[in-house]
Amino acid sequence: MNKIFVYGTLQRGMYNHCYMHDKYVENCTPATTKGKLYMVKCCTYPAMVLGDDTVKGELYSIKEDYLEEFIDACDMLEGHPTFYKREIVKVVDNEGNEHEAYTYIFQKHNLL
């Protein structure tokens, strides 16, 4: 799998978007997934947990040659698997196409 859905600081215009470097990314499109979005109490970043709300974000296709390097960097940034856990979710792009993609689900519910 070479797709990742981001909904927070990795999106365009946000402070961790530098991780989405052209070296790794083939393309990006607006997309949604099911979940519930919170702001972490002690910080200024969003946290998605499982749920039935619609969460807006971006779907990135990652170049196969750099997929492992990219996932390793994102896992470190997100504190996988204890702070956020990388999981596979269903994502719908802005043209209505369904995809499976990695995303990060928040694990520290006591901080919401």
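Start by selecting Tyr 84: this residue is buried, with a relative accessible area of 4% (buried means under 20%, exposed over 50%, partly exposed in between, using a 1.4 Å probe and protein chains only). You're looking at a predicted model, where local features need pLDDT of at least 70 and side-chain atom pairs pLDDT 80 or more, while totals for chains, interfaces and linings use all residues. Numbering runs from 1 along each chain as its sequence is written, and side-chain values use heavy atoms, without hydrogens or water.

The whole structure has six aromatic pairs (Phe, Tyr or Trp rings, the six-membered one for Trp, with centres within 6.5 Å; planes under 30 degrees apart are stacked, over 60 edge-to-face, the rest tilted). Phe 83 and Tyr 84 make an edge-to-face pair, 5.7 Å centre to centre with 65° between the planes.

Next, show Arg 86 and Tyr 102: the Arg 86 charged end sits over the Tyr 102 ring, 5.0 Å from its centre (the cut-offs are NZ of Lys or CZ of Arg within 6 Å of the ring centre and within 35 degrees of the ring normal).

Last stop: which residues lie nearest the centre of the largest pocket? Select Thr 9, Tyr 45, Pro 46, Glu 78 and Tyr 84, which are among the 16 lining residues (a pocket is an open set of points on a 1 Å grid over the protein atoms alone, where a 1.4 Å probe fits, with protein on both sides within 12 Å along at least five of seven lines; lining residues have an atom within 4 Å of a point).
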